[in-house]
Amino acid sequence: MLSVSSSALARLAARSRTAVAASSASVRNMGMQAREEIEELPPNFSMDAVKAPPHGFGEQHEEELDPMAYVRKPVSSVHSIDLSKGVISALDSAAFGPGGSVVHGRFGNVDASAAETVPLEYLAFLRPASEGAAALREISEGGKTGTVLVYGASRPAGLSAVQLATASGNAVVAVVDGQHSGHDEMVDTVKGLTSEPGTAVAEQYALCKANFRDLVEKTVSGDDFTSFDFDSNQYQFLADFKANVLDYVEAYPSDLPAAVDSEQLKFTGKEKDRANFQANMNAYLSQYQPGADPIDPAQLEANFNVEQYELFKKKFITQTTAVISGGDGVTNTDRFAPAEIVNNMCMQPESTDDAKPEGVVAYPFEFSIKNESAPTTPMTKGGPIVGAIIEVTPDLAVACEAVAAAKTLREKAEALQFLTEPQKSAFGAASSIIGLAKKAGAAVRTVGGSLPGLNAVEKPSEQDIQTALEGMELGDDGTSKLNYFIQVYRASDYPIYEAYAIHRANEPLSGPRQIVVTK
């Protein structure tokens, strides 16, 4: 028998009593409900009696400043770079005056209402912007609109002229000079600042005088489809096609196994490969069309007229459509002999029916020798050339002075010969613009300097300065008529930035931006 000590029994009994008491207490607690004590509100209670808590709890926490952190100094002035002297400009600058006013280094106090909405960095370019406005006013002669030609369109004065002329309703053909013409994004950006039919091109494009002349003429008169003499040119299309067919027949006669160059049929391999050459060549040539039988030129000229050519074009379109789409189940996509089709049509002309089948419509860009395609976009005309604005660049100034110093034609040619390539390009592109403006009897003005034989813009008037300031004002949507690509060097924080900004501005191909220094 198992024997249990009295002490063990006592411990077991005590443990059982403790468990029962705990279970009964837990059951009693689960069945109890908390009593809600509702306090009555005082009779004079209102919502205003409860004060809002302060921001946060306890005392307001103030962040400790990092003793190594640099606190920027406030900007008091902004300066552009005087490239001729290699220093920051004191005239083309703007500074805060007493009472929050803004004083320009060249034009004095700036209108208070304009100073509130014009960025301080923009005021460093108030002089070139005013010159652009003055040049546009002088060539407009009473506010007339049309096509304006601008050289140096990425520089401050030229960029201002482009935007102000566009805002005035002119079509602008802008030329980006050699300093920035290699920057495709800058050329596209200037093009985006113009409106149709205006555009912008690089300096190299203006060197091709015929192409640039055609571009300006298209801008002036619009890309008019109806101006093309289709009735007389359709016979030129037919004559060109006949000449190409005869050349094709002569190059690929029917005695050739395929319409390939005869040189490809010659065996140039090793002697051990000669036995299999012909079999391999036949498989290779099977992918090409066969040669063509001779075509009688007199019969081609007499029977293959405009109507027959129109039918041939329809067959060609059907064939190419079937090849591209993978076949229509009817057209043989493996063989198409155009010379054979033309020869058959010459010997036995096919009947023509001008009536279009029901449901068949003409495609907008489908070429038809009989029917002229209708224009798909509205035509926009820039109007007659109003004038030209030339931004004087360093390369252009050197080139013009060298040519002007020469007396005879030979000396002028020698002067051009000894110029650098950028100087030659600048002279040629500017000459293209000046020549077109003078041919149209329009005025030419230079901004940013003077050139021999050309009229420089007069001193900007108060009206021109006000026009420039109004163009610089930021609207409620954050946009303005005048925009610049500015790189700011904060010499107020780091004085060494002044020398560095001057160095960057004087670099060759310094980049498509305008550098300003703040103090």
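1. A salt bridge here is a side-chain nitrogen of Lys or Arg within 4 Å of a carboxyl oxygen of Asp or Glu. Glu414 and Arg410 form such a pair, with their closest N and O atoms 3.3 Å apart. Both residues belong to helix α15 (residues 409-417), and because they are 4 residues apart there, about one helical turn separates them. Glu414 is partly exposed at 36% relative accessibility, whereas Arg410, at 64%, counts as exposed. Please keep in mind that this is a predicted model.

2. Elsewhere, salt bridges with shared partners join Asp92, Arg106, Arg127 and Glu131 into one network. By the rule above, the count comes to 14 salt bridges. The next two points pick out a pair each.

3. Glu301 pairs with Lys242 in a salt bridge whose closest N and O atoms are 3.6 Å apart. Glu301 sits in helix α11 (residues 297-303) and Lys242 in helix α9 (residues 230-251), so this pair ties together parts that are 59 residues apart in sequence. Are the two partners buried or exposed? Glu301 is exposed, at 55% relative accessibility, while Lys242 is buried, at 8%.

4. A salt bridge also brings together the side chains of Glu350 and Lys315, at 2.5 Å from N to O. This pair links distant parts of the chain, 35 residues apart: Glu350 is in the loop between α13 (338-347) and β8 (385-391), and Lys315 is in helix α12. Both partners are given as partly exposed, Glu350 with a relative accessible area of 32% and Lys315 at 30%.

5. With 20 residues (306-325) at 1.5 Å a residue, α12 should span 28 Å; its end C-alpha atoms lie 29 Å apart, which agrees. At the start of the helix, a side-chain oxygen of Asn305 comes within 3.3 Å of the backbone nitrogen of Glu307. Just after the helix, Gly326 has a positive phi of about 95 degrees. The buried residues of α12 include Val306, Tyr309, Leu311 and Phe312, and also Gln308, Glu310, Gln319 and Ala322.

6. Now to the sheets. Tyr151 has Val175 in β6 as its bridge partner.

7. A detail to check by eye is the loop between α6 (184-193) and β7, where Pro197 lies. The peptide bond from Glu196 to Pro197 is cis, with omega near 0 degrees.

8. The other sheet described here is also open, with 6 strands in the order β4-β3-β2-β1-β12-β11 and mixed pairing. Its edge strands, β4 (108-109) and β11 (486-490), each pair on one side only. Strands β2 (residues 87-96) and β3 (residues 102-104) run antiparallel and are joined by 3 bridges. Ala95 stands opposite Val103 in β3.

9. Ser80 is in strand β1 (residues 77-82). With 7% relative accessibility, Ser80 counts as buried. What lies 3.2 Å from a polar atom of the Ser80 side chain? The backbone oxygen of Asp92 does, and Asp92 is also one of the residues in the salt-bridge network.

10. Val87 belongs to strand β2 and is partly exposed, with a relative accessible area of 38%. The C-alpha atoms of Val87 and Glu498 are separated by 8.7 Å, although these residues are 411 residues apart along the chain.

Definitions and conventions:
Residues numbered from 1 in each chain as written. Predicted model: local features only at pLDDT ≥ 70, side-chain atom pairs only at ≥ 80, totals over all residues. Heavy atoms only, no water. Helix = DSSP H or I, 4+ residues; strand = E, 2+ residues; numbered from the N terminus. Expected span 1.5 Å × (residues − 1). Buried < 20%, exposed > 50% of the residue type's maximum accessible area, 1.4 Å probe, protein only. Polar contact = N/O pair within 3.5 Å; in protein donor to acceptor, adjacent residues only side chain to side chain. Pairing = 2+ DSSP bridges.
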